[in-house]
Amino acid sequence: MENLTISDPSPHGGSAPPPGARGHAQGPPQLPPQMFTTAAQLLDLTDKKLMVALRDGRKLIGVLRSWDQFANLVLQSTTERIFAPKPGTDASTPEGYYADIPHGIFLVRGENVLLLGEIDLDKDDDPPPNFEPADLELVRTLAEEKKTQDRARDKKRLRKLATMGFEGENLGEAVF
């Protein structure tokens, strides 16, 4: 990437005003689009409804009201959506239940954001495909059971890999 400054000519031609000259006809100098990186790209998403997936697995839906240079986000009218598979279904066809928890104003630390995207307002009220709304306590219980099963499966997988000579991550035991 180039090292650009505000005095560089714009990509559309023209030249920078001479030092000391007042450019009333041209207006204030504009930053080239190449200078907007990382958190500055959130400018287009401000005041739009977003879905934010966090590193801990939570999914938040809310309106982006503010952000800073570290991509810390302020979401308004936030709800947390919890998904849980139906008992006895296989993973090849995801179907299950979901429930929403209203949170209101929510501050998300930028380093915890895994993924974010704008929500299509035409489809906003539609339930997720193959999922149906259910009681919050039922969904929480099913989601916790699924998480426990996944942890046990991962632990078993890591132990098996360790016996095959691969260094296991997160085994929680020291091998000498």
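The dialogue below treats aromatic pairs, then a helix and the segment after it.

Analyst: This is a predicted model, in which local features need pLDDT of at least 70, side-chain atom pairs count only at pLDDT 80 or more, and totals for chains, interfaces and linings use all residues. Residues are numbered from 1 along each chain as its sequence is written, and side-chain values use heavy atoms, with hydrogens and water left out.

User: How many aromatic pairs does a search of the whole structure find?

Analyst: Rings of Phe, Tyr and Trp (its six-membered ring) pair if their centres lie within 6.5 Å; planes under 30 degrees apart count as stacked, over 60 as edge-to-face and the rest as tilted. Here the search finds 2 aromatic pairs. Phe83 and Tyr98 have ring centres 6.3 Å apart and planes at 40°, so this pair is tilted. Helices (H or I, at least four residues) and strands (E, at least two) are DSSP runs, numbered from the N terminus. The pair links distant parts of the chain, with Phe83 in strand 3 (residues 73-85) and Tyr98 in strand 4 (residues 96-108), 15 residues apart.

User: Which kind of pair do the rings of Phe83 and Phe131 form?

Analyst: Their centres are 5.2 Å apart and their planes lie at 80°, so the pair is edge-to-face. Phe131 belongs to strand 6 (residues 131-133), 48 residues from Phe83.

User: Is Phe131 buried or exposed?

Analyst: Buried means under 20% relative accessible area, exposed over 50%, and partly exposed in between (1.4 Å probe, protein chains only). Phe131 has 19%, so this residue is buried. Tyr98, at 11%, is buried as well, whereas Phe83 is partly exposed at 32%.

User: Which residues in helix 1 are buried, and what covers them?

Analyst: Val139, Leu142 and Ala143 are buried in helix 1. The cover of its buried residues, judged by contact (heavy atoms within 4.5 Å), includes strand 3 and strand 4.

User: What follows helix 1?

Analyst: Gly165 follows helix 1, and its phi is positive, near 105°. Phe166 is found in the segment after helix 1 (136-163). With 51% relative accessibility, Phe166 counts as exposed.
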